[in-house]
Amino acid sequence: MTTTAPHSENEFHQPVSEETFARVWNDPTGIRGLLQGVQNQPIGIRLIGLSIFFLILGGIQALLMRTQLAVPNNTFLDPETYNRLMTMHGTTMMFLVAIPMIEGIGTLVLPQMMGSRELPFPRLAAFAFWTFLFGGLIFYFGFFVDAVPEGGWFAYVPMTGKEYSPGLGVDFYLLGLNVAETAAIAGAFELIISFFHMRAPGMSINRIPIFAWAIMVTGWMIIFAFTPLVVGSTLLELDRAIGTHFFNPDQNGDPLLWQHIFWIFGHPDVYIIFIPPLGIVATIVTVFSRRALIGYTFIVISLVSLGFLSFGLWVHHMFATGLPELALSFFTAASMMIAIPSGIQIFAFIITIWSGRPVFKTPFLFAIGFLLIFVLGGLSGVMLASVPVNLQTHDTYFVVAHFHYVLIGGWLFPIFAAIYYWFPKFIERMPNERLGVWNFLLLFIGFNVTFFPMHISGILGMPRRVYTYQAGVGLEPYNLLSTIGSFMVAASFVVFLINMIWSARNGQKAPANPWNADTLEWLPPTPVPPYGFREFPVVNSRNPLWEKAEEQVVEPGTRKLLDVLKHYPREYRAQIATSAIDARPLEVFRVAGPSIYPFWAALAIAVMTLFLVFSQYALAGVCLIITMFTLIGWHRDTGAYSKPDEEEAFEREYGVPLRPHGSRVIGRWGTILTIVTLATALGTLCFSYLYLRLKPPQWPPDGIAMPDPVLPGIALLVLLISVIPMRWAASALQRDERAGVQRGLLIGVVLGILYLVGNLLSYGQLGFNYQTQAFGSIFAIMAGYQLLTMLVIVVMGAAMLFWFVRATHERPSRHQAITDLVLFWYYAVAAGVVTYALLYIGPIVI
């Protein structure tokens, strides 16, 4: 569909029917819609469904283990099968259930709650779904080739090294979960940017719903926690696949390095799982208490504090590893301190309920259940923060009881509450209230019958991760109770599934706002249109649907812009980007539409991963190349809707740029988050380098030559000089100087290539390789990571130069992606300086 460029306000305001407007937003139907669809609502529902699928698998594994432990000396399962089930259960619940569910609810609800039509990168959301799916399937693929991991969900070395786990089970674990973790990071990008720049006009930072705050904090935590785990998993896989020595103590490696990296991820992951449910509970408590939430500002500060503090607690998982007492004291204090922000939120919820007029519907029942269960889990958490108590209960069922109260109580109850709460809006039917109450009662009673006795069996000395126990030591009644309770929990889940399936088909049709809720996702009609809001809402309070119409204030310029966006643009999906603090409209931009390329990219990565598991490196390389081509196809329609005259007329008329080629604000945030992720990975490698340095008395160890810093130093100098032409290119771009942009990019790319060549030549002169003790391994991985980063950015620079030279019909300043490339280049230069300092100057200074 094409139109002539409008030249007046009346032409921009030309009315468009609902059917015509929706046609732009509708994804394809059938199999094409499944493979190409990118809308947040279907993607969110698919992620939730995927999480429920893996929850069923993880639940079956738990029932099998509890059946084995129901009586002493049971032979229902053999030790190997029990270890496999224990590993699969923990890994499934932590990686393939909790995270997809959280990101699924965020993907489904957040855009509408923030008054937005879509996520900032819809194709990235589709890619996240497919990579979650394929990562989980790769992990479970080991069942079909008798290669199931059995080293625990935490994969401690040396138990997961080649010596003790010689099969492919651990490889499926490491590489399959790396794919799923990539999906988690991709989803985090979407949710963070949505929070800052995809809000309704007027939704200033002090009016953002608590749920959105929780999702934003979680997004940042995913980046900072999952990235180290990806790095650690890669190091362990390299030890297994090509003989590096990061965790081999015989070659100056250290098994404890894995524990540090894993728990730097693992403890924040507890709060990644727990913080979004706090946002859910805040939302539901507000609605069903029929009053505004007490202590909004304190809750926001508490959520942010939880995010920061959670990264300072990882060592309390390692109190029994022989660390210095001073370090233990620090982490004990931090572990107790984190109870303060959690307590603030719990008290705020209680006061809100107490001072309101509670309506006890099913979502509210689950929220109340969460408060009771989580407080019990938090109390045992404070106990475990004490070193003497921790040492006595370490690796007992007391710890199992604690983390299930925190994780299952702190996650499952709010998740059920969320599904019952948002079910009417997105499934268009009301859930059955009686079945919902039965669901709650069975889960609440069954949960406590299952896990409370584990506190006692743990204190009596029952170790965790054992497949049986002796009779006559007092453990029989508690284990039998736990097994009975686990089947009650399973029964509650059956009731839940029956309720969802029956209600989706036969439930009462849901009105637009059946709960009299206060947030914007309940404003559109039911069923929700694919675009959510044809007319963007304006927000003037924290409870926008509870404010009176006469209280709404809209600036004339904003109202004029919102009016035209009901009809225009007509050829593509348009969205407003707003300022981060006060949510003023900054630009109108095109969000990407349906595409097959996210599916192909995820599939290529999944196939590449399978080839890596089976050591087919050449075929894996072919898949990597295919992945690169899918990314090119992903962006090939970026300039398809560009009409410079029309865009200039729109900006003159409404004072806001129209960007059919994509948002500059959103693109810059995507670049920043990518840099933060890469810097976090580099920081993890630097931590590993310095940690490994602590073991040998000298560095490099005896028998290894000091790396020569001269040639890499010259290459680094060349890289530093490259900043000048790249900066020149960015400045010329703003002045619309085509020749300056071309020369700057060309010189920068050439200097980047010289940097790569210089470093490759220097590596050929080293007197060691990646298999020369842990020193050679960490040197190789850090040097290789820097070269890979630089190679990617050089290729990006060459590609942008090629596209820029071809686009002679466009003004240079329209190619603002070049400024993002320059920012990325600055990061690569800084990373090069850090890497050189650590690898070549570090051995001399340290």
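Me: Helices (H or I, at least four residues) and strands (E, at least two) are DSSP runs, numbered from the N terminus. Which helix is Ala212 found in?

Reply: This is a predicted model, where local features need pLDDT of at least 70, side-chain atom pairs count only at pLDDT 80 or more, and totals for chains, interfaces and linings use all residues. Residues are numbered from 1 along each chain as its sequence is written, and side-chain values use heavy atoms, with hydrogens and water left out. Residues 210–242 form one helix, and Ala212 is part of that run. The helix you want is α8.

Me: Is Ala212 buried or exposed?

Reply: Buried means under 20% relative accessible area, exposed over 50%, and partly exposed in between (1.4 Å probe, protein chains only). Ala212 has 1% relative accessibility, so it counts as buried.

Me: Which residues is Ala212 in contact with, leaving aside neighbours within four places in sequence?

Reply: Contact means heavy atoms within 4.5 Å. With those sequence neighbours set aside, the partners of Ala212 are Leu110, Met113, Met114 and Phe195.

Me: Over to Ser579. Where does Ser579 lie?

Reply: Strand β1 covers 574–578, and β2 covers 585–590. Ser579 sits in the loop between β1 and β2.

Me: Which side chain has a polar contact with that of Ser579?

Reply: A polar contact is a pair of N or O atoms within 3.5 Å; within protein, one must be able to donate a hydrogen and the other to accept it, and residues adjacent in sequence count only if both atoms are side-chain atoms. Ser579 is itself buried, at 7% relative accessible area. Its side chain makes a polar contact of 2.5 Å, and the partner is Asp582.

Me: What about Val389: how far apart in space are Val389 and Pro453?

Reply: Val389 belongs to helix α14 (residues 387–393), and its relative accessible area of 30% makes it partly exposed. Val389 and Pro453 are 64 residues apart in sequence. C-alpha to C-alpha, their separation in space is 18 Å.

Me: Zooming out, what is the radius of gyration of the protein chain?

Reply: It's taken over C-alpha atoms, and the globule rule is 2.2 Å times the number of residues to the power 0.38. For 846 residues, a compact globule would come out near 28 Å. The protein chain agrees with that, at 28 Å.

Me: And what share of the residues of the protein chain count as buried?

Reply: The chain has 27 helices and three strands. Of its 846 residues, the share that count as buried is 59%.
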